[in-house]
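I opened this structure to look up backbone angles and aromatic contacts. My entries are below.

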Amino acid sequence: MKRIIIAAMALTLLLALAAAPALAKPGDCVTIQDRVLEYSSTHYLAGELLEVGFDPYGYNYQGHMFSGSYANAYLGGYGFPPYEGDDASYLAANPSVVNVWCWDYRDTRVEMKWNDAWLSNKDCNGDGKLDRHFGFASYIGSGAWETNHMWGGEGADKYSYFVKIVAAPADAYKTAGVWYTADGSEIGPDIWGEFAIIQEVEQGVLYKSPTSAGFGFYAP
Ligand SMILES: [Ca+2]
């Protein structure tokens with residue numbers, strides 16, 4: 001299940017954000033505090049301004065983090081209001097949510113953290129959206145990283161999963177689904193084409209990069 005969960009997570013970050021008029025002049029950066037950056041047109045909060053601090057779903061774009069229900073990481077992007085823990089009232093108001101995959105994970109808690117290269121809290125390229133891999137053509141070599149920690153369940157069903165993901169360095173290469181440094185040291189399994197998993201923990205360490213499980217090693 002975990003890989004499915006993670007795979008969906010990238011999508012979230014792509015869906016969630018912001019399409020405002022391009023107001024930045026070249027070389028200028030628009031911040032959330034400037035109050036022009038908005039949620040995307042397909043988001044439940046379309047047209048509303050991004051705010052500093054946690055939004056009703058659990059995203060804190062200024063602070064580079066998410067904390068909340070796993071369902072809430074996605075529901076806004078799918079056009080649904082935030083889930084606040086009351087199934088009956090939520091279903092009464094949003095019956096079609098049962099058709100959305102993330103509804104089944106509403107009791108899973110998630111904390112995500114990321115750096116500015118992964119998803120900036122500024123728009124410096126003037127497209128009205130928070131920047132991704134600013135200054136780089138893709139995530140490759142950008143030094144972007146993210147952590148996901150999710151947990152839930154009761155008693156014997158209790159579980160926890162933690163993963164660290166880093167953008168592949170510019171001179172890294174990929175063979176058979178695994179990223180390696182230029183001199184052939186294993187970085188970790190590929191995920192989403194431009195990233196490597198450098199650490200996974202689930203009731204003990206599942207994977208730890210032999211090269212480094214520290215983000216600093218992969219910074220440009
Ligand atoms: Ca931008």
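These notes cover backbone phi first, then rings.

Entry 1, source. I am working from a predicted model.

I noted His 64, where phi is positive, near 60°. I placed His 64 in the loop between strand E2 (59-60) and strand E3 (65-69). Is His 64 buried or exposed? I read 16% relative accessibility for His 64, so it counts as buried, because the cut-off for buried is under 20%.

I located Trp 192 in the loop between strand E10 (186-191) and strand E11 (195-201). I read 27% relative accessibility there, so Trp 192 counts as partly exposed.

How many aromatic pairs does a search of the whole structure find? I got 19. I wrote down one of them, Phe 217 with Tyr 218, which is edge-to-face, with 5.0 Å centre to centre and 75° between the planes. I put Phe 217 down as partly exposed because its relative accessibility is 47%. I put Tyr 218 down as buried because its value is 3%.

I traced ring pairs that link Tyr 59, Tyr 61, Phe 66 and Trp 114 into a cluster.

Which residue lies over the face of Phe 215? I found Lys 164 there, at 4.9 Å from the ring centre.

Conventions:
Residues numbered from 1 in each chain as written. Predicted model: local features only at pLDDT ≥ 70, side-chain atom pairs only at ≥ 80, totals over all residues. Heavy atoms only, no water. Helix = DSSP H or I, 4+ residues; strand = E, 2+ residues; numbered from the N terminus. Buried < 20%, exposed > 50% of the residue type's maximum accessible area, 1.4 Å probe, protein only. Phe/Tyr/Trp six-rings, centres within 6.5 Å; stacked < 30°, edge-to-face > 60°. Lys NZ or Arg CZ within 6 Å of the ring centre and 35° of its normal.
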